[in-house]
Amino acid sequence: MKTKARIEFGDFQTPLPLAREVCRRLRAEGVTADVVIEPTCGCGTFLVAAAETFTHSTLRGWDINQTYVEEAAVALKQVGAAKRSSVVSQDFFTHDWETELQTTSGRLLILGNPPWVTNSAVSAMNGSNLPTKENFLGLRGLAARTGKSNFDISEWMLIRLVRALRGREATIAMLCKTAIARKMLRYAWQNDGRIAKAALYRIDATEHFGASIDACLLLARTGSAGPETADVFDSLSAAKPSVRMGLAGQDLVADIVAYRRMRHLEGLCPFQWRSGVKHDCAGVMELRSAKVGHFENKLGEVVELETKNLYPLLKCTDLANGHTIPERFVVVTQRCVGDDTTVMADTVPRTWRYLQSHRKKFEARGSSIYKGRMPFALFGIGDYAFAPWKVAVSGLHRAPTFRVIGPVKGKPVFMDDTCYYLPFEQESQARLVAEILNSAPCRQFLQSLIFTGVKRSVTVDLLQRLNLSAIAEEAGLGKQWRALERTDYKTSQLVPQLQLVMESAKRTVKGVSGKHAPVRYGRSDKDVTQVADKVGLQTPK
Ligand SMILES: C[S@@+](CC[C@H](N)C(=O)[O-])C[C@H]1O[C@@H](n2cnc3c(N)ncnc32)[C@H](O)[C@@H]1O
């Protein structure tokens with residue numbers, strides 16, 4: 001049973017056999033050390049393993065937990081390393097790492113296993129084990145307020161150490177989530193962190209820590225800027241890497257060798273990928289058909305609702321498993337972000353009363369994006385969400401399969417926010433784009449980009465990197481693609497087709513709330529500039 005303190009301090013002590021195995025690998029990799037620093041040493045297994053491996057090195061450990069500090073000191077005494085070691089009770093966040101690392105001379109090894117907890121988990125339990133409030137990755141706008149601003153404490157600590165090293169020669173060898181190792185490397189590669197060489201060695205976190213997490217030993221040598229790539233080994237004992245990851249433009253790719261072979265398939269995707277509707281209130285908003293005119297919500301309540309604001313809904317597992325006939329409905333309260341939801345009191349009074357009866361659940365939605373919004377507000381909503389045809393993909397499955405989704409009984413099908421899609425007016429367009437996306441070249445290219453062990457394998461950023469035109473050519477669908485592009489340009493003023501980058505097709509339709517709203521399935525000028533910046537293209541003036 002995890003105690004509150006154990007969670008708040010991300011406390012997963014490394015078993016001694018694993019710490020020894022790590023040190024053996026370090027030695028095999030030629031790592032030597034005059035000074036070993038363990039920033040969050042716990043009861044000292046890494047210090048003990050380092051004492052055994054680097055027999056002449058000085059050992060310095062810190063931990064916030066005084067009991068652990070005492071245990072570590074005893075353990076070091078037992079292996080005869082008391083005289084060359086010091087262990088002190090200290091909060092990582094208040095330690096002067098610049099002075100510590102810059103004034104230490106000799107070959108430096110920073111070794112350990114920083115806490116396994118996120119800032120939001122600490123905040124949720126009103127914990128205080130957090131760095132001073134700072135947006136350390138410099139995120140802006142919505143990204144700063146949603147998932148992207150959530151970070152692991154270990155990510156913060158690793159970046160703190162890289163910054164404090166300021167390019168000083170050292171070896172960093174840390175157990176952490178594989179995603180954290182990648183984030184740290186990305187940060188260092190993009191911010192002059194001077195990583196000379198880096199590698200990741202997967203470990204079995206279930207076996208060693210009882211935690212089903214994708215984890216690894218991150219080994220990085222600092223001191224000079226090296227290649228922006230890292231070999232990934234399947235275990236601590238693997239002789240050869242299974243793959244090489246690396247930085248390509250702004251983003252990391254899982255297989256940099258395959259990526260470089262296929263990089264001509266990357267570019268400015270002409271369409272804007274959308275994420276499904278976000279409401280954060282599935283218990284109330286998602287329903288299944290019960291008896292005629294009645295629907296059952298996820299709380300087990302059967303309610304009588306008007307069908308006007310109910311739309312068929314698919315989720316990521318439906319898309320992954322090919323179940324494209326929806327069995328659920330979602331209550332759609334707005335046509336566009338910011339629409340007035342109170343009109344529902346007149347247009348769909350039963351649905352309005354139903355939502356009102358659960359108002360508290362909506363008000364308790366954790367994300368700050370709902371603050372100051374209309375009651376029952378949605379995100380991931382706009383005219384594009386009402387397009388009759390969609391090409392959709394699960395964001396949570398590693399081998400993406402793109403499904404063509406058509407209207408059901410005249411109503412467009414919605415996806416939830418675990419899915420991404422492109423909206424289309426015509427079935428033929430959707431079918432061709434899905435064929436291009438499911439083609440062998442596209443699958444192979446996607447596999448070079450997608451990392452194993454991440455929750456959200458597919459993201460909008462990743463999908464935007466697909467150059468549909470180049471992929472279509474490679475897949476032997478170039479002629480059909482060019483015909484679609486031509487049709488689209490010709491008819492864009494007449495029929496609201498999917499919008500290409502250089503177009504700005506707009507039309508007026510009646511909104512959910514009864515208002516008239518312009519239809520815009522495509523990308524805004526801002527979207528285009530952002531993506532173009534990312535892939536290094538000129539944007540149309
Ligand atoms: C994942 S455990 C690993 C312990 C040790 N490094 C090992 O490998 O066994 C994380 C450790 O970080 C310590 N810790 C958590 N927050 C800390 C902080 N703010 N400053 C210093 N140590 C901290 C915990 O007490 C815990 O011992």
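In which loop is Phe 376 found? Phe 376 is found in the loop between α16 (359-363) and β17 (389-394), where helices (H or I, at least four residues) and strands (E, at least two) are DSSP runs numbered from the N terminus. The structure is a predicted model, in which local features need pLDDT of at least 70 and side-chain atom pairs count only at pLDDT 80 or more, while totals for chains, interfaces and linings use all residues. Residues are numbered from 1 along each chain as its sequence is written, and side-chain values use heavy atoms, with hydrogens and water left out.

Phe 376 is not a glycine, yet its phi is positive, near 65 degrees. With a relative accessible area of 1%, Phe 376 is buried; buried means under 20% relative accessible area, exposed over 50%, and partly exposed in between (1.4 Å probe, protein chains only). The backbone oxygen of Phe 376 lies 2.7 Å from a polar side-chain atom of Thr 333. Such a polar contact is a pair of N or O atoms within 3.5 Å; within protein, one must be able to donate a hydrogen and the other to accept it, and residues adjacent in sequence count only if both atoms are side-chain atoms. Thr 333 belongs to the loop between β16 (328-331) and α14 (344-347), and is buried with a relative accessible area of 1%.

A positive phi, of about 55 degrees, is also found at Asn 126, which is not a glycine. Asn 126 lies in the loop between α6 (119-124) and α7 (141-145) and counts as exposed, at 72% relative accessibility.

A nitrogen atom of the ligand lies 2.7 Å from a polar side-chain atom of Glu 38. For Thr 40, a backbone N or O atom is 2.6 Å from a ligand nitrogen atom, and for Asp 91 a polar side-chain atom is 2.9 Å from a ligand nitrogen atom. Taken alone, the ligand exposes 590 Å², and the protein buries 100% of that (Shrake-Rupley method, 1.4 Å probe; for residues, only the protein chains shown count as cover).

An open sheet is formed by 4 strands in the order β11-β20-β17-β18, with antiparallel pairing; two strands pair if DSSP finds at least two bridges between them. β11 (274-275) and β18 (403-405) stand at the edges, each with a single partner strand, so one side of each has no neighbour in the sheet. The antiparallel pairing of β11 with β20 (residues 419-424) runs over 2 bridges, and Arg 274 has Tyr 421 in β20 as its bridge partner.

The structure holds 0 disulfides, a disulfide being a pair of cysteine sulfur atoms within 2.5 Å. The sulfur of Cys 419 is 5.6 Å from the closest cysteine sulfur, that of Cys 316, which is too far for a bond. Cys 419 counts as buried, at 0% relative accessibility, and Cys 281 counts as buried at 7%.
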